[in-house]
Amino acid sequence: MERGYIETLLEMPWDKMSEDNRDLDAAAQVLDEDHYGMKKIKERILESLAVRNITSKGDAPILCLVGPPGTGKTSIARSVAKALNKKYVRICLGGVRDEAEIRGHRKTYVGAMPGRIATGLKQAGTNNPLMLFDEIDKLGRGVHGDPSSALLEVMDSEQNYKFRDNYIEVPIDLSKVLFIATANDINTIPGPLLDRMEIIPIEGYTENEKFHIAKEHLIAKEYAKNGLKKSQLNITDEAIKTVIQNYTREAGVRQLEREISEICRKAARNIVQKEKKHLKVTSKNIEKYLGRKKYEADMANEKDDIGIVRGLAWTAVGGTTLQIEVNTMPGKGVLKLTGQLGDVMKESAHIALSFVRSIVADYGVDKKFFEENDIHIHVPEGAVPKDGPSAGITMATAILSAVAKIPVKCSVAMTGEINLRGNVMPIGGLKEKLLAAKNAGIKMVLVPKKNKPDVEEISKEITDGLEIVLVEKMEQVLENALVEQEQK
């Protein structure tokens with residue numbers, strides 16, 4: 001045990017440092033070669049490098065990349081290490097429930113060993129590597145302490161220059177380490193830990209971005225994996241677009257990579273078994289390789305209809321359009337809600353109904369209508385749970401349309417919350433929602449006025465062809481959405 005302890009102390013890189021790459025242009029080139037897009041994070045990394053060049057210190061805030069699975073969070077960290085010429089250490093924190101995993105075991109225990117931080121430094125062989133804390137939002141808490149609390153000292157630049165590992169018991173200087181963390185969901189990261197990190201959101205990719213990623217990165221990678229050459233297999237641009245639209249529904253590109261891999265495997269089998277020298281995959285013969293299409297685009301309705309409004313929703317795999325249907329029938333004024341709606345959406349429905357009741361007289365509806373009729377709100381598909389604070393204006397428009405028998409324009413989609421006074425409240429996930437509207441063939445999207453800064457940040461590639469109308473009051477929503485309102 002004594003010998004193991006002494007060897008561990010001698011193996012630790014107390015004063016060994018690797019020389020950082022100080023060339024900003026070369027670092028930018030490496031990041032661009034490895035990843036398409038991600039402009040914000042690349043700029044943030046290069047800013048950090050510029051500061052290090054001037055100050056020669058590693059005291060920088062810890063970056064936390066937050067986004068859906070498959071968007072390249074882990075691989076961008078590897079590229080950053082390569083760009084900065086640093087050793088790369090990945091520590092996966094998913095499911096870690098023991099504080100000793102971070103801080104190490106005391107030497108009094110049999111089989112005691114250093115924690116993951118000290119072990120990572122030992123493996124890197126330098127005291128200034130890039131250390132990636134992967135899946136930091138999935139830290140557990142068990143009977144052996146709270147690992148998230150143990151990480152607080154590691155992630156605080158005021159304390160981590162003398163980090164104490166229970167096994168080593170000699171202060172370790174972590175101030176030169178560049179820490180990057182990744183997470184899928186910001187809400188499950190403990191508050192004190194979140195406070196020590198700078199959050200960089202990584203949103204889902206647009207179809208055009210996915211196309212470029214597949215063409216410039218994924219296809220070459222899968223060719224190499226499956227032993228194919230460009231002369232043996234040609235996947236056309238139309239085939240790639242068909243795979244993206246009809247075989248994947250995700251924010252990242254992991255499933256897209258799997259589908260391309262399947263094409264390559266089937267092609268390899270044909271080349272070996274049937275001795276074919278050249279294969280061409282097009283949008284017409286792609287079903288031979290991937291089977292029937294898994295997804296069809298949820299397109300806008302073809303005609304204006306009463307009580308049917310197209311809403312926009314954010315999901316973990318990107319944006320989607322959500323049709324809300326309302327029917328009225330003779331009854332006793334009961335509000336029925338179906339479609340597996342969560343508590344927030346149920347509240348939105350009640351608020352929307354209260355607002356509609358307050359203005360319905362302006363549309364020539366008898367005040368006894370709500371006492372003599374039931375209202376049924378349904379959100380297809382019934383098997384999919386739905387929740388979120390952005391369906392208020394959609395529900396209010398659908399209820400008013402059904403009650404006043406005024407059709408809603410089929411080319412309009414909307415997103416926004418409503419309060420009892422008819423004010424339109426801001427929402428999140430706007431980029432993904434606008435992308436979903438564009439893919440569905442929507443012409444006009446109604447967006448809360450308070451989301452104007454978000455609209456200005458969204459690239460022209462997404463907003464081209466969409467008329468985005470900023471709305472502040474419910475009256476403006478109805479003016480743009482209802483057919484007869486336009487004619488008055």
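Predicted model: local features only at pLDDT ≥ 70, side-chain atom pairs only at ≥ 80, totals over all residues.
Residues are numbered from 1 along each chain as its sequence is written.

View 1. Look for Asp137 in the loop between β3 (130-134) and α7 (147-155); helices (H or I, at least four residues) and strands (E, at least two) are DSSP runs, numbered from the N terminus. Asp137 is buried, at 8% relative accessible area (buried means under 20%, with a 1.4 Å probe and protein chains only). Its side chain reaches the backbone nitrogen of Asn184 at 3.1 Å. There's also a polar contact, at 3.4 Å, between the side chains of Asp137 and Lys138 (N or O atoms within 3.5 Å, one able to donate a hydrogen and the other to accept it; residues adjacent in sequence count only if both atoms are side-chain atoms).

View 2. The structure has 0 disulfides (cysteine sulfur pairs within 2.5 Å). Cys64 is buried at 0% relative accessibility.

**View 3. Ile235 in the largest nonpolar core.** This core has 48 residues, and Ile235 joins Val80, Leu233 and Ile263 as those with the most contacts inside it (buried Ala, Val, Leu, Ile, Met, Phe, Trp, Tyr and Cys residues joined through side-chain atoms within 4.5 Å). Apart from it lies another core, of 47 residues, including Leu353 and Ala402.

Conventions:
Heavy atoms only, no water. Buried < 20%, exposed > 50% of the residue type's maximum accessible area, 1.4 Å probe, protein only.
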